[in-house]
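Here are some notes to go with the model you asked about. Have it open while you read.

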Amino acid sequence: MAKLRPKALDCPSCGASIEVRNAVRAKSVVCGTCTAQIDLTKPGFEILGKLGAGREPPTGPIRLGMHANVGGKEHEVIGRLRLRESDDEETWFWDEWLMVSEDGSYRWLSEDPEKGWGIDEPFVPETPVTPADLVEGNRVRIGDKRVLVRERGRGEIAHIEGEMTWRARVGDRVDYADATLGLHGYAFEWTNDEFESFTTREVSRPELWAMFGLGRSQPEATAHHERSQALRRSATVLFVAALLAFGVALVAPFLGSPVSRSDGGVSLKAADVQHGIQLGEVQLEKGLGFYVFEAAAYMPRGMESYDIELEGPGSSKATIVRFQHVGTSHDRESATERFTVSEPGVYRIVLRGQEKTPAQDGQVEWRLHRRLLVPRWFVLAGIALVVLSLWTFFQSRKEAMIASSLYYGEEGA
Amino acid sequence: MALETPTLNCPSCGASVALKHRNVKLAVCEFCQQTMHVTRDGVDPTGKTAPLTDFAAVLALNARGKLKGRGFSTAGRLRFEYGAGYWDEWFLLFDDGTEAWLVEDEGDLLLARKTHVSQDAPPFSSLRVGHYATIGETQVVVTERGTATIAGGEGQLPMQVRPGATLEYADGNAGGSVVMVEYAEDGVEVTVGEPVDYDDLDVEDEF
């Protein structure tokens, strides 16, 4: 059975034809021609009053009869309430647009000139929420969440357009409260006799346009909006890439394999140091990755420095590590160095002392690893990606602002 | 073997009214809108009511259809008016001989059963919207309360009501079920309803 039951009637005041979009649920409707509010529950359609043409016009782009895609369903805007609230200093207002979907379900679209738009859907809290709980600054429990009551007030219906599911009257008052927890929003409305709860979701300006297809009539605005969306997606991808780069930098030191190491500490006879002591022989390869040589040496007094060198094929020679003795005590010093080789082959690791023969023996421990990735590169890449991501995000905001100003005709695009 | 249902004559216009089930206690003459209480001793007229009007209706008197695959017909209807609108309670007779109420309120449908809990209901004045109330053995969150008037009825119903009578009511929610409590002259009636999707209702000759 179809839920949406449209039906037409002739206005009892001016005779104009009025199309009611959901006749089984509508209890009142305002004639679009003469603004008579008609009670649909009374025989002969009693006239409740006249609202007056041109009063309380909408401030945004939404109008009765517009269609929107909300949650994948086609909706039509069928009614509007203008609510007004005052305190000692000022008066403010907002609109509540009633939308009906093709399956007969209802949603409210709230439109506040300062706060923007939101979609409200009725729901039943798992645990009761009472008006007494809804004090600004209080936290109330909704299911497993404790939400913060941000605002409470009392609105008065100032104007009505279209059809409503109850006999709403100008002057009717309703208390309300809004609460949030992170991205979750809730709204509550009550009178002495009725209490309703809604989940609310903020709707951004670009999202509203997309919902209502507003950009179709302004190709330039649409182009800027679409560019903004694409840039935002790119910014997200860049940011995720940055996070991945930082992640790789964190795990890079652990990616690789050991090549060789000393078997405990290698004794360094004082007499042999100056001539060179072979610490080991290793097979080294060219290609992806690099080698990390780590050594810890006890340097006796009188020894200025040790060099640990690689002697490779074709009498090539390179110093991997230099231990420079600082101070006067017999200290243990360590060093780490990264290197690659241009020619694969067997290399000898040789330690040579500098300058004079030391007075005492020393000792060195060493190990050689192969690593695939250089963490520093990925950190730099991550930083670059973050910067690029931020720049892209700001470009997307700029495009969105241009789109917004083009649509509304504001100055200073 | 077909069950024989009795007929009665309308005390106002004399029209013959066939009673559709054995438990009819209120009947409204289709011709002149005379309402009458049906008792063992006969018919007690209670007055005339204006015909119920519908801008659009889900059901109509004597409609036939299927509800969740079960064939039914609408035997009667009561309308309750309150400040912001009204709700209808349709009395259904299923083809399998069982009965039920289908409540239609602001376009929502509830398949309901009614019970009397005169001793276990809290006073109406103690009910507060948004608060718990214990109705019988059920804890209910009160979502609405108010005063309604029986605007009228049509067809045949299994209870005696007086059109124009007022009653206090409260609606609430109990674990997903809708609970409606009506404080009337003859006691407190609790209606517990399960929401019915429109897709589960198939009415012949939609209105």
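1. What percentage of the 207 residues of chain B count as buried? This is a predicted model, by the way, and in it the figure for chain B is 54%.

2. Staying with chain B, you'll find 16 strands there and zero helices. Take the chain B contacts with a separation of 6 or more: 49% of them come from residues 24 or more positions apart. As for its surface, chain B exposes about 9600 Å², and 47% of that is supplied by carbon and sulfur atoms.

3. Over in chain A, have a look at helix H1, which covers residues 205–212. Its buried residues are A:Leu208, A:Trp209, A:Met211 and A:Phe212. These sit on the same side of H1(A), because they cover an arc of only 160° around the axis. In general, an α-helix has 3.6 residues a turn, so residues three or four places apart point the same way. Just after H1(A) comes A:Gly213, with a positive phi of about 65°.

4. Now the second largest pocket, which holds about 370 Å³ of space. Its lining takes in 27 residues, and those nearest the centre are A:Val30, A:Gly32, A:Leu64, A:Glu161 and A:Gly162.

5. Which elements give two or more residues to that lining? They are four strands of chain A: S2 (17–20), S3 (28–30), S7 (73–86) and S12 (145–164). S12(A) gives the most, with five residues. Sorted by class, the lining of this pocket has twelve nonpolar, eight charged and seven polar residues.

Note on methods: Residues numbered from 1 in each chain as written. Chains lettered and ligands numbered in written order. Predicted model: local features only at pLDDT ≥ 70, side-chain atom pairs only at ≥ 80, totals over all residues. Heavy atoms only, no water. 1 Å grid on protein atoms, 1.4 Å probe; cavity = no way out; pocket = protein on both sides within 12 Å on 5 of 7 lines; lining within 4 Å. Points joined across faces, edges and corners; volume = space filled by probe spheres on them. Nonpolar A, V, L, I, M, F, W, Y, C, P; charged D, E, K, R; others polar. Buried < 20%, exposed > 50% of the residue type's maximum accessible area, 1.4 Å probe, protein only. Arc of directions from axis to C-beta. Contact = heavy atoms within 4.5 Å. Areas by Shrake-Rupley, 256 points an atom, 1.4 Å probe, with all protein chains shown as cover.
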